[in-house]
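User: I'm new to this one and would like to learn how to read it. Could you walk me through it feature by feature?

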Amino acid sequence: MESRLSILVTFLVFVMFASCEQPREHTAPAIHERDSVSMMTTYGVNTLISDSGVIKYRIVTERWDVNTIKQPSRWTFERGIFLEQFDDKFHIEGYIFADTAWYYDQIKLWELRGRVRIRNVNGLVFRSEELFWDGIKHEFYSHKYSRVVTPERELEGTYFRSDEHMRHYEVTNSVGSFQSEDLEPEEEEPTKEPNKTQTDTAKLEKVIRPAAVRHKATTKSIQP
């Protein structure tokens, strides 16, 4: 009986020492989505960006993440972005603001979301919740409701496309307001029974040069 008791005590002591010698580690699971980790994160950014050796933009943002593992690789501005755009002589051409932005550096495409605002030196103001900026085609476009305000007119529509300088643009599915003189009918001088040659010449002139209608050209018929 005593021998069995001593064997049991010895076994319990051995188990206790074994458990003390092999402590249990508490580790977190491994991260398998490597593309979710940014290679660079910068806070409080105010920097100039060049393109082909020429300074093109100023970027101001609270946080800038760079991820080259995701496809396509991208810069992420989750806390908003403010852009100044410069011409070749370093003159400011416009301002761009957005709540969130992504720049896909391999395909040179900006994606702007949230409160997107643009203002250029000509007084044009653009507002939307979405805007894409194609750096290869040098154009802006949006598939969401957009509003364009200039000193002369206001336009609203669900599709917008423009050159990157906001000088030539189009808005489709739109409504808008214009100055009253843009809609005034053009006055024409009365004529007395024009012959067929005069009528045909005037129609041709109107088709080829519509801007010349205000200053009516004088035509002469050629007699055979």
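User: Which residue meets Asp99 in a salt bridge?

Analyst: The general idea first: side chains of opposite charge can pair when their charged atoms come close. Here a salt bridge means a side-chain nitrogen of Lys or Arg within 4 Å of a carboxyl oxygen of Asp or Glu. In this structure, Asp99 pairs with Arg115, at 3.1 Å from N to O. Asp99 sits in the loop between β5 and β6 (100-104) and Arg115 in strand β7 (residues 109-120), so the bridge ties together parts that are 16 residues apart in sequence. Helices (H or I, at least four residues) and strands (E, at least two) are DSSP runs, numbered from the N terminus.

Keep in mind that this is a predicted model, where local features need pLDDT of at least 70, side-chain atom pairs count only at pLDDT 80 or more, and totals for chains, interfaces and linings use all residues. Residues are numbered from 1 along each chain as its sequence is written, and side-chain values use heavy atoms, with hydrogens and water left out.

User: How many salt bridges are there by this rule?

Analyst: The count comes to 11 salt bridges. One of them joins Arg161 to Glu139, at 2.5 Å from N to O. Arg161 belongs to strand β12 (residues 159-163) and Glu139 to strand β9 (residues 139-142), so this pair links parts 22 residues apart in sequence. Arg147 also bridges to Glu156, with the closest N and O atoms 3.7 Å apart. Then there's a network of salt bridges linking Glu111, Arg113 and Glu130.

User: Are Arg161 and Glu139 buried or exposed?

Analyst: Buried means under 20% relative accessible area, exposed over 50%, and partly exposed in between (1.4 Å probe, protein chains only). Arg161 has 25%, so it is partly exposed, while Glu139 counts as buried at 16%. Asp99 is partly exposed at 23%.

User: What is the nearest side chain of opposite charge to Asp134?

Analyst: For charge, Lys and Arg count as positive and Asp and Glu as negative; His and the chain ends are not counted. Asp134, found in strand β8, is buried yet has no salt bridge, and its nearest opposite charge is Lys137, 4.9 Å away. Still, the backbone nitrogen of Lys137 lies 3.1 Å from a polar atom of the Asp134 side chain. Leaving out residues up to four places away in sequence, Asp134 touches Lys108, Leu109, Glu139 and Tyr141; contact means heavy atoms within 4.5 Å.

User: Which residues touch the most other members of the largest nonpolar core?

Analyst: A nonpolar core is a set of buried Ala, Val, Leu, Ile, Met, Phe, Trp, Tyr and Cys residues joined through side-chain atoms within 4.5 Å. The largest has 28 residues, and Trp110 and Phe126 touch the most other members. Elements giving two or more residues to this core include β1 (40-51), β2 (54-67) and β8 (125-134). Not counting residues up to four places away in sequence, Trp110 touches several residues, among them Ile59, Phe77, Leu83 and Trp133.

User: Where is Phe90?

Analyst: Look in the loop between β4 (81-86) and β5 (92-98). Phe90 is partly exposed, at 40% relative accessibility. Phe90 and Lys56 are 34 residues apart in sequence, yet 7.7 Å apart in space, C-alpha to C-alpha.

Technical notes:
Polar contact = N/O pair within 3.5 Å; in protein donor to acceptor, adjacent residues only side chain to side chain.
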